[in-house]
Each structure stands twice: as structure tokens, then as C-alpha cells.
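I open these notes with the questions I wished to settle about the structure shown here. The entries record what I looked up, in the order in which I looked.

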Protein chains: 2
Amino acid sequence: MRDVVVLGVGQTMFGKLPNSTVDELGSQAAKKAIEDAGIDPRGIQIAYSARAVDAQVNAQSILKRIGITRIEMHNVENACASGSTAVHLLWKDIAYGIYDMGIVIGVETMTTSSLAGRLIPPSGKDDLNRLVGETMPSSFALIGRRLMETRGATREDLAYPSVKNHRNACMNPVAQYKKPFTVEEIINSKMVCDPLTLFQCCPFTDGSAAVVLCSEAVAKRHTTKLIKIASSVIMSGDYETADEEITRFSTVERLSNAAYEKAGIGPKDLDLIELHDAFSPEEICAYEALGICNPGDGISFMRSGATEIGGKIPVNPSGGLLSLGHPLGASGTRVVCEVTLHLRGEAGERQIRGAKVGMAEMVGGYIAGMTNPVAGGIQILKN
Amino acid sequence: MRDVVVLGVGQTMFGKLPNSTVDELGSQAAKKAIEDAGIDPRGIQIAYSARAVDAQVNAQSILKRIGITRIEMHNVENACASGSTAVHLLWKDIAYGIYDMGIVIGVETMTTSSLAGRLIPPSGKDDLNRLVGETMPSSFALIGRRLMETRGATREDLAYPSVKNHRNACMNPVAQYKKPFTVEEIINSKMVCDPLTLFQCCPFTDGSAAVVLCSEAVAKRHTTKLIKIASSVIMSGDYETADEEITRFSTVERLSNAAYEKAGIGPKDLDLIELHDAFSPEEICAYEALGICNPGDGISFMRSGATEIGGKIPVNPSGGLLSLGHPLGASGTRVVCEVTLHLRGEAGERQIRGAKVGMAEMVGGYIAGMTNPVAGGIQILKN
């Protein structure tokens with residue numbers, strides 16, 4: 001197996017961009033990634049696009065705008081992990097010597113999608129959870145409520161990831177919201193589903209992120225900053241019974257254990273994590289599932305400031321889904337861009353100093369302990 | 001690179017099945033493929049689903065019904081070539097030693113899809129063809145008209161692929177329409193877009209097809225009938241100018257040339273072809289693009305009966321999209337099932353005698369010479 005290098009990264013602005021088409025956003029990000037890689041676009045041998053809703057031969061229509069045609073192209077979906085799944089497929093192509101260089105474009109136009117507003121998928125006739133009214137916010141509200149009941153979490157604790165991530169986003173030029181909020185402002189925003197308020201839920205976002213991956217041999221012709229993918233794992237969930245503790249994210253545990261093992265590192269070796277924080281309580285449970293604190297210690301770990309920029313293990317320095325925004329298909333690719341920028345020392349004001357190892361995580365279709373399909377992806381990057 | 005074997009194939013009934021969900025159809029096909037392969041489902045190491053519209057973590061939700069969880073799963077789209085693209089990705093995994101066995105499930109529920117009725121995608125603001133009213137039927141009607149103007153094709157010629165494919169479908173137990181039509185009945189059916197009548201257009205179809213692929217070493221433990229994938233190619237189109245001759249399918253030419261070269265064979269070595277016949281004139285142009293006749297000779301080649309069962313090179317013995325039906329995401333996987341059955345000698349009444357080499361082709365988003373994105377896939381199989 002060959003080492004795979006992240007040679008180029010490109011991101012659009014994230015936000016409500018109803019006048020931009022998928023092709024416009026996707027080709028903007030692709031161009032930036034190609035420029036960042038310093039390559040001739042004709043060197044691209046394979047392409048993947050990730051779009052979680054409304055997918056329609058997007059790699060082809062995006063890349064024709066920059067003259068890339070006649071190559072192998074695939075369009076992939078894995079809910080919120082769509083971008084991770086596309087990165088993983090390209091990683092396999094290069095790691096196993098099938099191709100030497102390719103591009104991944106994650107993109108989503110949530111504000112103009114006919115489907116995104118139904119993100120809580122329409123209930124199947126045999127899907128009990130959905131028939132009884134389960135939605136994404138209500139599921140994560142249950143998790144928040146459970147943290148309050150069993151762990152002594154306060155409403156302030158549940159708001160904290162959102163406070164932190166909004167603060168981080170102020171330092172990220174591409175973020176959707178660049179405004180800090182106090183704990184009180186978060187808690188006092190409009191109630192969505194008790195205990196979750198509006199500012200504890202990720203917004204609707206348009207945007208795109210692209211990465212160029214290549215073999216080490218190709219990379220060395222273009223750069224001396226070799227950011228390598230130390231491991232890449234995609235894993236589907238299991239279907240634990242409703243008896244399982246819903247604050248325990250078993251799929252994320254299995255996923256991260258596999259990613260650590262393949263990379264030959266442990267959670268203590270990580271300098272930063274970008275992860276799926278669609279709803280604020282999720283980030284707290286993810287700390288435990290990813291093993292950066294002990295099981296059950298997520299709240300005290302968070303209170304210690306460990307996941308702040310400058311803390312022991314900064315989480316979501318980009319601003320995360322809560323404040324940078326969450327264009328579904330783009331997010332899994334976007335987290336790889338963010339980690340890469342830190343490992344290169346190019347993350348500006350929000351730079352994690354001396355970052356050498358980072359994790360990009362994204363999970364989708366995700367409701368702990370319930371019966372919904374789950375897809376998760378992790379890439380661990382090293383400089 | 002290792003040889004990859006088609007170990008198991010499974011198909012549902014094809015037709016208007018509005019009471020069946022994607023999960024029901026997909027898991028039916030998957031179960032049949034697993035039974036046909038004679039394997040324990042726990043041996044499945046990776047899964048891909050293909051669904052052209054409404055994709056939503058389908059591999060996960062389909063496979064949980066048969067207890068397959070915790071593995072790498074991806075959901076892919078490439079318009080009508082979605083099923084081909086999924087087969088190709090799994091083929092790469094096994095050919096390059098990443099995994100030893102996996103499953104592909106192609107599925108579509110056209111009759112209940114909110115999007116399938118808008119299969120002619122909504123026009124983008126910068127898509128001139130669509131803004132002037134281009135639709136799939138009108139594009140293929142233009143191709144039919146052009147064959148009449150430049151090649152002396154008659155209305156009878158344009159109807160012929162549909163006559164042939166409806167006749168073939170009568171011998172296929174899973175086909176949507178099992179009723180023969182005369183040339184006159186085809187021509188006199190409702191006019192859709194001159195010269196195309198209703199029976200020259202593929203129907204709306206629900207259905208699913210699945211294949212289990214594995215390495216040769218694994219296959220030998222289960223069967224002596226080793227149907228191998230001699231080559232697999234996915235290729236995106238180019239964007240020829242509108243000046244190009246629209247009856248020439250350049251992308252299919254390039255795609256098939258690559259597939260022949262990788263398989264080390266030529267068109268003369270093929271014993272049967274399953275191909276994308278969404279509209280009847282398309283099949284005639286495809287004969288030329290695939291090189292089974294000389295350029296410009298498609299009509300006389302067809303008139304000779306060469307593509308009938310029992311002819312020189314039977315095309316669409318299954319009944320094709322025109323009569324078996326066209327559940328988009330399933331079709332690219334379904335053609336691999338059909339070719340496999342012939343190479344095994346298990347195709348019943350419609351069996352191509354002594355078939356040793358067959359091609360499964362599918363193209364999507366396909367409008368020759370125009371600016372739309374195009375995805376094409378070919379698998380050549382050998383016994």
C-alpha cells in the first residue's frame with residue numbers, strides 16, 4: 001500500500017448562497033484545490049463528487065467547467081459522511097496503485113434543494129421511529145436530555161460546544177456565521193426541541209470543498225509539505241436495540257478504533273479534530289466515542305477547556321457545523337481541508353500551533369441506539 | 001491485478017410495484033444474489049448500492065434487513081450508469097486486493113419517486129439545451145430523425161429494436177412487459193415525439209438487481225462455473241460541439257475501445273450484448289459505436305437479423321430497457337446479471353447457445369453531441 005498525500009485543498013464561502021448553482025460552487029472549490037496543488041488539471045485521472053441530496057452526475061457537470069472530461073468519474077452519497085466516503089474511495093485508488101492523482105468535490109446547495117427541507121426523511125411504512133415523529137433535532141434533544149438526567153449536564157454544558165465553535169468560526173474567513181455568542185445568548189435563542197435551542201442546531205448551508213490527492217512520488221514534484229493520510233475508514237452502523245445508552249456512540253467508537261489501529265496511533269497523539277457537530281450535545285458524546293477522554297468524562301473534559309484552541313486537543317477549530325455551516329455533501333471533504341491547513345501551518349488566526357496529527361470525522365444518518373442507517377468516515381492526517 | 005468472479009446474481013420482478021419500498025426490493029435482490037452465490041452473508045466485506053434518484057444511505061438500510069452491518073458501505077450515482085459504476089467500484093476493490101468479496105445492489109422505485117417524474121432535470125440557469133425545452137424523448141427523436149435524413153432509415157427501422165426486445169422479453173420471467181408487438185403496433189402507438197412513439201420509449205419501472213463479486217480463490221470454494229470480469233471501465237463523456245454528427249456516440253466508442261483493449265478482445269469475440277436502449281433509435285447507433293458493425297452500417301446490420309437471438313451477435317436478449325424495463329439505478333447491475341446467466345447457460349428459453357463472452361453496457365445522462373454530462377460503463381464477462 002502506498003502513502004497518499006493531500007496535495008491541494010479548496011473551499012468556497014459557506015453560507016446562504018441561493019444564487020449559486022451546484023456546478024458554480026463545485027467548480028470554484030475544484031479550481032481552488034487544483035491551484036493550491038499547483039498542478040495542470042489534465043493530470044487529474046479520476047474524480048468523485050459527493051452530494052447528499054439531489055445527486056445528478058455532478059462530477060461530470062462540475063468538471064466540464066474546467067475542461068476535465070473523458071476520465072472515470074463517480075458520484076457518491078453517504079448522508080452527512082458523503083464527503084468522507086468520496087475521499088476514502090479516492091484514497092483507495094491511490095493507496096492501491098490504481099491511479100496516481102485524482103480529485104474529490106463535496107458540494108451541497110441546501111437553500112435551493114427541493115429535498116433538503118425534508119432532511120428528516122419521509123417515513124417508510126415500516127420505520128417505527130419516523131412514524132412516531134422522530135426528527136434529527138428531536139433525536140439529539142433526547143441525547144441532550146439524557147446527558148442532563150444521567151451525567152449532571154446543565155443547559156450551559158449543552159450550549160458550550162456551540163459557544164466554542166461560534167468563537168472559532170470568527171477566525172475562519174469562509175465560515176457562515178462569524179459572530180461570537182455567550183452561553184446565555186445560545187440558551188435564550190428560539191427553542192427548537194427542549195433542551196435544544198436554535199443556536200445549538202447547525203444551520204442550512206450552501207458550499208463546496210475539494211481536495212486533490214496523489215501518490216507520494218507525484219506529490220514530491222510539487223511540494224515539500226507532505227500531508228499524508230495515515231488512515232482512512234468508512235464504516236456502516238449496527239442496529240443496537242433501543243435499550244442501549246443513547247449517549248454512547250458505538251459506531252463512532254468502532255470507527256475511530258479502526259482508524260487509530262490502521263494509523264498506528266492513539267487518541268493521545270492527535271493535535272486537533274474536526275468532527276460532526278450537527279447539534280451541540282453530539283460533540284460532547286463524540287469526545288468519549290473518539291477516546292480523547294474516558295467514557296463518562298465528556299462533560300468535565302469539556303469544562304476543562306481541553307477542546308478549545310490552545311487546549312489539550314482542540315475540536316472544530318473551523319467553527320464546525322454549528323457555525324461554519326453544514327452543506328451536507330461538502331462537510332466530509334471540508335474537514336479534510338481544515339485539518340490539512342493546520343498541518344501545513346496555514347490556518348491563519350485559528351492555527352493549532354505545531355499541529356502534526358489531525359482527525360477529520362463525519363457521521364451521517366446518525367441516531368445513536370436507534371434503528372436508522374448510519375454511515376461514518378474518518379481520515380487521520382499526518383505531516 | 002487479480003481476476004474477479006461474478007459469484008452470485010439476483011433480480012426482483014421488474015414492473016410497476018408502487019407498494020414495494022426501495023428496502024424491500026433491494027433486500028429481495030440481495031438475498032437472491034447471496035443464495036445464488038451459496039455464501040454466508042457474513043462473508044460480505046463491502047457493499048455498494050446504486051440508486052439514480054433519491055439516494056439515501058440505501059446500502060445500509062437494505063442490508064440491515066439481512067443482518068449485514070458494521071462494514072464499509074457506499075451509495076453511488078451515475079445516472080443510468082449508476083449500477084455499472086457500483087459494479088466497477090467493487091471490481092476495483094477485489095481486482096486490487098483490497099477486499100475478497102462484496103455485494104452491489106442496484107435499485108430504483110420510479111413509480112413512487114418524487115423526482116423520477118422530473119427525469120428531465122430541471123433546467124439550470126446556464127443550460128441552454130434545457131432552457132430551449134430539450135427532454136430525453138426529444139433528444140432521441142432528433143437522433144431518429146437524423147437517421148431517417150442521412151441514412152435512409154424508415155419508421156419501420158426505428159421501430160425494429162423495440163419489436164425485437166419486446167419479443168425477447170416474452171422469454172424473460174422477470175420482465176415488465178411480456179407481450180410481443182408487430183412493427184405496425186409499435187409505430188401506431190401514441191406519438192411521443194415524432195418519430196418516436198410510446199412503445200419506442202422505455203417505461204417507468206421499479207425493480208432491483210444485485211451481484212456478489214469475489215476473488216477467484218474465494219469463488220473456487222463455491223463453484224466450478226467461474227464467470228470472470230475480463231474488463232471493467234467507467235468513463236465520463238466529452239462535450240463535443242453541437243456540430244458533431246448526433247448519430248455518432250463518441251463516448252460509447254471511446255468507452256468500448258477501452259473495454260476491448262483491457263479485456264484483450266475485439267467486438268467479433270462477443271457472443272451477446274446487453275445495452276442501454278432507452279429509446280429505440282439509440283440501439284441502432286450503439287451497434288456502430290460498439291464496433292459490432294462498421295460505421296454507417298447500423299441499419300443494414302440490424303435488418304440482417306444479426307442482433308436477434310440466434311443471430312450473429314444477439315443484443316438485449318433480456319428484453320432490454322424497452323421491454324424488461326428501466327429502473328435506473330438497477331439497470332447497470334441488471335445487465336451484469338443477464339450476461340452472467342447466459343455465460344452460465346442458465347438463461348432459460350432466451351439462452352444464447354454456447355455463449356462464452358458477453359458485454360454489459362450502460363450509459364447515462366446521455367445526449368450525443370450535446371452539452372449534457374455523460375457517464376458510461378462497460379463490463380466484459382467471460383466464462
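**Entry 1: the model.** I noted before anything else that this is a predicted model.

**Entry 2: domains of chain A.** I looked up how chain A is divided. I found domain 1, made of 4-115 + 205-228, and domain 2, made of 121-203 + 231-382. Taken over C-alpha atoms, the centres of domain 1 of chain A and domain 2 of chain A are separated by 23 Å.

**Entry 3: where the domains touch.** I then turned to the contact between these two domains of chain A. Domain 1 of chain A gives 37 residues to the contact, and domain 2 of chain A gives 36 residues. Which elements of domain 1 of chain A give two or more residues to the side that touches domain 2 of chain A? I listed β1 (4-11), α3 (82-95), β4 (101-109) and β7 (206-215) of chain A. With eight residues, α3(A) provides the largest share of that side of domain 1 of chain A. I also recorded the make-up of this side of domain 1 of chain A: 20 residues are nonpolar, twelve are polar and five are charged.

**Entry 4: the contact between the chains.** I next examined how the two chains meet. I found 39 residues of chain B in contact with 39 residues of chain A. On the side of chain B that touches chain A, at least two residues each are supplied by α2 (58-63), β3 (72-77), α3 (82-95) and β8 (228-236) of chain B. The largest share of that side, six residues, belongs to β3(B). By kind, I noted 16 nonpolar, 14 polar and nine charged residues on the side of chain B that touches chain A.

**Entry 5: the paired strands.** In what sense do strand β3 of chain A and β3(B) pair, parallel or antiparallel? They pair in the antiparallel sense, over three bridges. Within this pairing I located A:V76, which stands opposite B:V76 in β3(B).

Entry 6: Finally, I looked up how the copies are related.

Definitions and conventions: Residues numbered from 1 in each chain as written. Chains lettered and ligands numbered in written order. Predicted model: local features only at pLDDT ≥ 70, side-chain atom pairs only at ≥ 80, totals over all residues. Domains from an automatic or database assignment. Contact = placed C-beta atoms within 7 Å. Helix = DSSP H or I, 4+ residues; strand = E, 2+ residues; numbered from the N terminus. Nonpolar A, V, L, I, M, F, W, Y, C, P; charged D, E, K, R; others polar. Pairing = 2+ DSSP bridges.
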